Amino acid sequence: MIAPISLEILINNTANKFFKHIAEKVQNSERISFNEGVQLFYEAELGFLGALAHFVRYKKNGSHTYFNRNFHIEPTNVCVFACKFCSYSRLYKNREEGWELSASQMLDLVKAYDGKPVTEVHIVGGVHPKMDIHFFADVLRSIKTHRPDLHIKGFTSVELDYMFRKANMTTAEGLTYLKEAGLQSLPGGGAEIFDETIRQQIAGDKCSSKQWLEIHRTAHNLGMHSNATMLYGHIEKYEHRIDHMNRLRNVQDETKGFNTFIPLKFRNKDNEMSHINETTTVEDLKNYAISRIYMDNFNHIKAYWPMIGRQTAQMSLSFGVDDMDGTIDDSTKIYSMAGSEEQNPTLSTAELVQLISEAGFIPVERDTLYNVIQKFSPTAVV
Ligand code: V47
Ligand code: SF4
């Protein structure tokens, strides 16, 4: 088990004034500024960032590392939008590979978990012109009727924005309608990069940054929680990553409604940005660490293992990450289609416990809202 840590030795032995100042700020739980965040990206080395991020993670979560038992439903991969980084959408290319699940097929996917201890279903897919808000409200109601204890986390702001506009509903009306049908939390997808110039180039036709943030702010005001993501490692600069984090940090100051921040590494297989090299593992770990340092009002930083791979996810636990997402059960295709090493993402509870223990942390099964379900002894095999 990891002992409580101090930054004293680092501070006393850091000659560089900027790094010393940042380490002191982190030690004193003082917020770092936009410019300081950017400078860390350009100048700091991984070990220094890891020490600071680990300090923050330890202060917030000790050596607990969270995971949950979950599965995804992807209603369709047909999408009216044309994000350049997307390897998944099948409206414009290879339409014959598109799928469209009916409401009863989605309920059957839920029924397949009858008697199994899953706590969350994550529902996200493409934006299909025929799947409207009433269709999804029926799906939510049927899931809740069948299994009331299953937490439904569903729909990116991109899907919601499209549904609400088609139904002529305001954001508050649409969210209230879906909440009453059974929707409990929003996932973090669709955020990509908030900088308007970069967003225009990679995802120009879908909901704007302002709309994304407004949907999450409204959900929080209605008592729902949500996650936030950031797609990094493509054409953005470090300034854009910090700008993205800054906009989220500002909303979180207002609402406190975000559960976790999930950096998503751009994967380059079979999409219109395939010519861009993927980031290195060092860059991924730096990104997690700076996220942990910068997002001081987020309780959790998640490494989504189906996208980053289980080994990097395991390493990330020493760079600020305290959550590995869940068992997944091979129920999502977004990342395998984009080239992730996890082609059939499934981890048993025993494997998650093993990965977390091996990295020196205490595995904790959580529900969607981070209530503890069970704490494992670090070496336990389930
Ligand atoms: O918004 C799409 C990303 C997101 C690629 O809230 C890509 O718990 C990398 O948001 N390379 C959807 N990323 C998935 C998502 C998510 C996943 C897991 C957990 C949660 C949560 C949310 O996937 C999209 C986009 O940013 N994405 N294509 C790609 N080629
Ligand atoms: Fe559609 Fe989402 Fe792919 Fe964009 S990333 S094209 S919104 S499925």
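Lys 153 reaches ligand 1 through its side chain: an N or O atom there is 2.7 Å from an oxygen atom of the ligand. This is a predicted model, in which local features need pLDDT of at least 70, side-chain atom pairs count only at pLDDT 80 or more, and totals for chains, interfaces and linings use all residues. Residues are numbered from 1 along each chain as its sequence is written, chains are lettered from A and ligands numbered from 1 in the order in which they are written, and side-chain values use heavy atoms, with hydrogens and water left out.

## Ligand 1

The polar contacts listed here are pairs of N or O atoms within 3.5 Å; within protein, one must be able to donate a hydrogen and the other to accept it, and residues adjacent in sequence count only if both atoms are side-chain atoms.

| Residue | Atom in the residue | Atom in ligand 1 | Distance |
|---|---|---|---|
| Lys 153 | side-chain N or O | oxygen | 2.7 Å |
| Phe 85 | backbone N or O | nitrogen | 2.9 Å |
| Asn 227 | side-chain N or O | oxygen | 3.1 Å |

On its own, ligand 1 has 620 Å² of accessible area, and the protein covers 96% of that. Accessible areas come from the Shrake-Rupley method with a 1.4 Å probe; for residues, only the protein chains shown count as cover.

The shell around ligand 1 has 22 residues, the closest being Lys 153, Gly 189, Gly 190, Glu 192 and Tyr 335. A shell residue has a heavy atom within 4 Å of the molecule. By class, 10 are nonpolar, seven polar and five charged. Here Ala, Val, Leu, Ile, Met, Phe, Trp, Tyr, Cys and Pro count as nonpolar, Asp, Glu, Lys and Arg as charged, and the others, Gly among them, as polar.

Ligand 1 sits in the largest cavity. That requires more than half of its atoms to lie within 2 Å of the grid points. Strand 6 (225-232), strand 7 (258-265) and helix 15 (334-337) each give two or more residues to the shell. Helices (H or I, at least four residues) and strands (E, at least two) are DSSP runs, numbered from the N terminus.

Three cavities of 30 Å³ or more are present. On a 1 Å grid over the protein atoms alone, a cavity is a set of points where a 1.4 Å probe fits but cannot get out, and a pocket is an open set with protein on both sides within 12 Å along at least five of seven lines; lining residues have an atom within 4 Å of a point. The largest cavity has a volume of about 740 Å³. Its lining has 42 residues, and Val 124, Gly 190, Glu 192, Ile 334 and Tyr 335 are the closest to the centre. The classes are 20 nonpolar, 13 polar and nine charged. Strand 2 (70-73) and helix 7 (157-166) are among the elements that supply at least two lining residues.

Ligand 2 also sits in the largest cavity. Around ligand 2 are Cys 79, Phe 81, Cys 83, Phe 85, Cys 86, Tyr 88, Ser 89, Gly 126 and Lys 206. Six are nonpolar, two polar and one charged.

## The largest pocket

The largest pocket holds about 220 Å³ of space. Its lining includes Ser 29, Glu 30, Arg 31, Lys 59 and Arg 292. Helix 4 (46-61) and helix 12 (281-294) each give two or more lining residues. Helix 4 has the largest share, four residues. The lining divides into five nonpolar, one polar and six charged residues.

Ser 29 lies in the loop between helix 2 (17-27) and helix 3 (34-43). Its phi is near 55 degrees, a positive value in a residue other than glycine.

Key:
Grid points are joined across faces, edges and corners, and a volume is the space filled by probe spheres set on the points.
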